[in-house]
Amino acid sequence: MLKNDLFRKLPKVDQILDESVVKDELKNLPRKMVMTAVRRAIDNYRNLIIDGKVFEVKYNDILREVIYIIEGFKIRGLKKVINASGVVIHTNLGRSVLPKKAIDNIMNVAQNYTNLEYDLETGKRGLRYSHVEELIKKLTGAQSALVVNNNAAAVMLALNTICKDKEAVVSRGQLVEIGGSFRIPDVMTFSGASLVEVGTTNRTHLYDYERAINENTGVLLKVHTSNFKILGFTEDVALDELVKLSRKNLIPIMEDIGSGTLVDFSKYGFTYEPTVQRSIESGVDVVTFSGDKMLGGPQAGIIVGKSKYVDKMKQNQLTRALRVDKMTLSALEGTLMYYMNESKAIDNIPTLNMILSSSEKQKKRAQVLMKKIKDSTCKFECRIDNDYSLVGGGSMPTEKIPTYVVRVKNNQIEPETLETKLRKSEVPIIVRISNDEITMDLRTIFDKDFDIIAKSFKTIGDLLKI
Ligand SMILES: *Cc1c(COP(=O)(O)O)cnc(C)c1O
């Protein structure tokens with residue numbers, strides 16, 4: 001058939017809008033959005049004709065395309081997903097889920113006026129950070145504290161304040177890139193500090209630092225290599241040694257510890273992850289860390305250390321640009337309150353709770369989830385298996401936490417197809433595929449989401465007509 005004849009056979013927009021499946025969509029979606037989908041589907045089909053990829057107009061294909069585009073529109077926007085990946089601090093999935101007190105605090109300050117910058121004692125202007133600062137000081141033992149937008153901002157602000165136009169000495173083994181966009185060398189350039197690399201990738205000695213120090217040295221910087229481990233023939237200078245060197249030369253020492261845990265995980269059988277308290281105790285002048293990694297709070301960058309340096313940062317104009325809003329502050333305060341009692345923190349902060357909960361507990365939960373899936377649909381084969389969870393968020397990269405998973409498959413569907421369907425469910429479910437089976441790790445799934453998962457499998461099973 002000639003292309004022009006095919007064009008004439010393309011349906012009109014109104015005809016498609018009259019279809020019952022499309023009318024159903026119109027009940028819940030703006031008309032404009034549905035119209036856009038219809039026009040786009042017809043245009044796409046026209047392009048297929050132009051490209052010589054179709055030789056007859058199949059009305060139902062166009063209709064399917066309309067629905068497909070509408071489904072695509074629906075999954076836009078920031079929304080809840082179910083993390084069945086087993087990666088606890090999943091940066092792409094928003095890192096930490098907030099504990100209850102943090103959520104209550106957000107609700108409260110969002111709906112009301114607050115004393116954000118108002119001193120209730122004096123009735124005069126107060127300081128935005130004073131509320132949370134006391135708490136951070138108490139928990140970390142630091143003289144002073146400041147909160148900014150994220151840890152990248154914290155590092156930049158700290159370097160800009162104490163090392164602008166000066167040299168920052170850092171080991172080549174610590175020039176890390178985190179999550180594709182945070183690169184220590186780039187952040188330094190922005191801050192106005194110039195980077196002096198010492199040592200080699202696998203070995204850096206104290207004398208490497210000593211040799212690099214001159215009258216223009218602004219800071220000795222230690223970066224926690226949070227998302228990788230160098231194994232084998234390695235040598236790194238201990239923190240205490242670096243502190244001694246910094247004292248001897250009257251040069252401040254700063255540490256970016258990334259994850260920033262306040263809990264010593266080695267007590268619970270994990271590899272030792274440096275704590276903020278330990279760095280402060282060792283005499284590090286400035287320590288920076290994230291609020292939403294191992295701490296389990298909102299996105300934030302926390303700076304703690306000697307007043308001499310932190311107070312100067314508070315005066316830096318950059319601080320204004322990097323400041324956090326009342327909701328972040330209140331969420332951080334709510335999270336930190338739990339840390340006043342370590343066992344409360346572990347019980348109530350989801351990130352800590354997930355990392356530390358036993359695999360036996362996950363096994364029991366896996367049985368419950370599997371039963372729910374089997375009760376709602378008989379179209380899939382399910383089994384419970386051992387596997388490993390990861391901490392994620394560039395923290396404890398080598399730590400494999402024993403866990404239990406539910407594996408699901410149907411021999412008539414490719415696992416990739418099933419994965420896509422789950423991802424595009426009304427509440428998206430993010431899973432892994434291993435051995436051609438859908439793998440769902442109980443460690444990162446909440447009990448309240450079991451029914452949603454079971455229902456999604458039913459919906460997918462029904463649609464696939466298998
Ligand atoms: C994660 C991380 C950062 C970046 O922190 P954000 O809070 O994501 O900005 C910086 N340094 C280290 C060592 C990190 O692990």
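**Burial and overall build**

Of the chain's 466 residues, 49% are buried, meaning under 20% relative accessible area with a 1.4 Å probe, protein chains only; exposed means over 50%, and partly exposed lies in between. This is a predicted model: local features need pLDDT of at least 70, side-chain atom pairs count only at pLDDT 80 or more, and totals for chains, interfaces and linings use all residues. Residues are numbered from 1 along each chain as its sequence is written, and side-chain values use heavy atoms, with hydrogens and water left out.

The chain holds 20 helices and 18 strands. These are DSSP runs numbered from the N terminus: helices are H or I with at least four residues, strands are E with at least two. The C-alpha trace spans about 85 × 55 × 50 Å along its principal axes.

Now the contacts, meaning heavy atoms within 4.5 Å. Take those between residues at least 6 apart in sequence: 75% join residues at least 24 apart.

**Surface and charge**

The accessible surface of the chain is about 23500 Å², and carbon and sulfur atoms supply 51% of that. Areas come from the Shrake-Rupley method with a 1.4 Å probe. The chain has 69 positive and 59 negative charges, and their mean positions lie 4 Å apart. Lys and Arg count as positive, Asp and Glu as negative; His and the chain ends are not counted.

**Cysteines**

C378 is exposed, at 73% relative accessibility. C163 is buried, at 0%.

Note on methods
The place of a charge is taken as NZ of Lys, CZ of Arg, CG of Asp or CD of Glu.
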